[in-house]
Amino acid sequence: MKWAIEIEDLTVAYQQQPVLWDVDAAIPTGQMTAIVGPNGAGKSTLLKAVLGIVRPAAGRIRVRGRPFRARERLVAYVPQRAELDWDFPATVFDVALMGTYGRVGWLRRPGMAERARARAALERVGMAELSDRPIGQLSGGQQQRVLLARALAQEAEIYLLDEPFQGVDAPTEATLLDVLRWLKQQGKTIVVVHHDLSTVAEYFDWVVLLNVQCIACGPVAEAFTPENLRRTYGGRMVVPAPTVNPA
Amino acid sequence: MDFTLRIVMTGAALLGLISGALGTLAVLRRQGLIGDAVAHAALPGIVLAFLLSGSKAPVVLQLGAAVSGTLALLWVQAILRTTRIRFDAALGMALAVFFGLGVVLLSAAQHMAGAAQAGLDRFLFGQAATLLREDLLVMAAAGLLAFVLVLAFWKEIQLVLFDEAYAATLGLPVRRLQTLLIVLLVMAIVIGLQTVGVVLMSAVIVAPAAAARQWSSRYGRVLLLAGLFGLLSGALGAWISSLAPRLPTGPLIVLLLTALALLSVLVAPARGLLWQYIRRRRARETARQALMAVLQELARHHPDAEHPHPTATIQAALGTDVPVEAILRDLERRGQVRYMPDQGWQLTERPPHTP
């Protein structure tokens, strides 16, 4: 198995509180991986640690066998919608175009090629007609599509998405899933922080069960078991019977 | 127009243009309050710069203002790093401590020989009449530098303002860009202190941005409009204050800017409260008309035209999932329908063409 992301002994702390504790996990290249766990389990922090946005207290992260370097732009990040200020003066197209900013050098403006790439990305997520709309006028689902379009315009190898399915309408969920599957067909690696346990088996190939520590990590068929879910969520929730037969 | 007035008007317009446009960067980052802290924290720097150098040249005093404003911000950052005190509390603390120190130093300096003539207290509320041609040159140079920086790092600044985390994942030097934004904000404030004063300066930072945002949803246009609003208010404020003796320029500029912001919040198309109100009224009117048509249709097709229909029936007849209850109550208030308990809604007038 080729690994897109390898995480070893990762510990992250905020104000002396461990958010991630001694996490070992590996994410395979060219597959769809879900990161699952209760609130406060450190799922978003794990993504941010991979991207170098938060600094780990200890541990090692390798992206395609090497330490992560933002300058290579191999990893596209789709943050949680709620983390952004949607009253910012920008249109749908402006945000999609931001995905290309990494390739455009200092002192230069995005040119024809970048604009075409942003347009194609919007087309892919079904937002081409709303290109000129201010982002303040979008629904939650449309906001999520725009953020995915921005990541597509980046043309990365690995896509890290934080709760993309959270609170979006059904058509948007279907579109997002279509786009992610299309990316997978191109051999890209997709990692999604996911809340809905009932769709894990249907959507994903690989799963990381996280609750500060890594409880399990592996193919959905092997790792997504009732026993592991109980260990991840503790007694705090009733674990639905997964539809996967571990046999 | 006399020469002094021309100088004062040009200076106030320049200040409005520069502070309005640069202030927008802070406001879009939701950091308008930082401007208030930097402005207040500039006071001790101004007094100390005078006491140490003995000079009252604006450039010297502005340098002092920039240094102590920046020190206040560094102190806020240190508080945030090492304690659990929240951002707004830390900012308020820095503002109060530095401003308090400034007022103490100011009154101490007033009693020293020569200091009284320096007119340092004009930095409290500003005094545009003290502007000289050299001051305008300094402002224009600083404004030009800021303009070049904003243009040169246009897309990088835009991305950091909107989504810092994403900017970092593209490999942009986010920390350095944040520092640049702080430098630009401090410049915007220092430029205006002589005219508007430390107490009111934050209004010149925040109000043009608030007004401009109402008129456009494009980043570039918002910056441009904020600059224009600042320029206009500056020039107009200076002119009005020249019409009568003892009318203070700084407060006038701030009042004009606030009026402009208020007006924009009310009447700007799309986002203005007035248009929102009109749109809501129109939508309600359309909904009422559609529902009346449905009710008349129901009455025409029922053997008894005055037969009341339950809410659920009317909802089904309307054929959309827009809730009819509120519209029916609206019609009831207007006397067009009445509610018969346990039976439903009934038109108060027989519709035309009923058998």
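Reply: Here is a walk through the cavities, and then through the cores and the hairpin that share residues with them.

Keep in mind that this is a predicted model. Searching the whole structure turns up three cavities of 30 Å³ or more.

The largest cavity holds about 80 Å³ of space. Its lining is made of Leu22(B), Leu25(B), Ala26(B), Arg29(B), Gln31(B), Ile34(B), Leu181(B), Ile182(B), Leu184(B) and Leu185(B). Sorted by class, that makes eight nonpolar residues, one polar and one charged. Two helices of chain B, H1 (3-28) and H10 (174-196), each supply at least two residues of this lining. H10(B) has the largest share, with four residues.

The largest nonpolar core counts 165 residues, and Leu25(B) and Ile5(A) are the ones with the most contacts inside it. H10(B) turns up again too, giving this core 14 residues, the most of any contributor. What does Leu25(B) touch, leaving aside its neighbours within four places in sequence? Its contacts are Val150(B), Ile157(B), Leu161(B), Leu181(B), Leu184(B), Tyr219(B) and Leu223(B). Leu181(B) and Leu184(B), from that list, also belong to the cavity lining.

Now for the second largest cavity, with about 60 Å³ of space. Around it sit Leu295(B), Ala299(B), Ala305(B), Glu306(B), His307(B), His309(B), Trp345(B), Gln346(B) and Leu347(B). Helix H14 (273-301) and strand S2, both of chain B, are the elements giving two or more residues to this lining. S2(B) has the largest share, three residues. By class, the lining has five nonpolar, three polar and one charged residues.

There is a link to packing here as well. Leu295(B) and Ala299(B), both in this lining, are also in a second, separate core of 14 residues, which includes Leu291(B) and Val337(B) too.

Val337(B) leads us to the hairpin. Strand S1(B) covers residues 337-340 and runs antiparallel to S2(B), residues 344-347, with four bridges joining the two. Met340(B) has Gly344(B) as its bridge partner in S2(B). Three residues lie between the strands, and one of the turn residues, Asp342(B), has a positive phi of about 65°.

Note on methods. Residues are numbered from 1 along each chain as its sequence is written. Chains are lettered from A and ligands numbered from 1 in the order in which they are written. This is a predicted model: local features need pLDDT of at least 70, side-chain atom pairs count only at pLDDT 80 or more; totals for chains, interfaces and linings use all residues. Side-chain values use heavy atoms; hydrogens and water are left out. Two strands pair if DSSP finds at least two bridges between them. On a 1 Å grid over the protein atoms alone, a cavity is a set of points where a 1.4 Å probe fits but cannot get out, and a pocket is an open set with protein on both sides within 12 Å along at least five of seven lines; lining residues have an atom within 4 Å of a point. Grid points are joined across faces, edges and corners, and a volume is the space filled by probe spheres set on the points. Ala, Val, Leu, Ile, Met, Phe, Trp, Tyr, Cys and Pro count as nonpolar, Asp, Glu, Lys and Arg as charged, and the others, Gly among them, as polar. A nonpolar core is a set of buried Ala, Val, Leu, Ile, Met, Phe, Trp, Tyr and Cys residues joined through side-chain atoms within 4.5 Å. Buried means under 20% relative accessible area, exposed over 50%, partly exposed in between (1.4 Å probe, protein chains only). Contact means heavy atoms within 4.5 Å.
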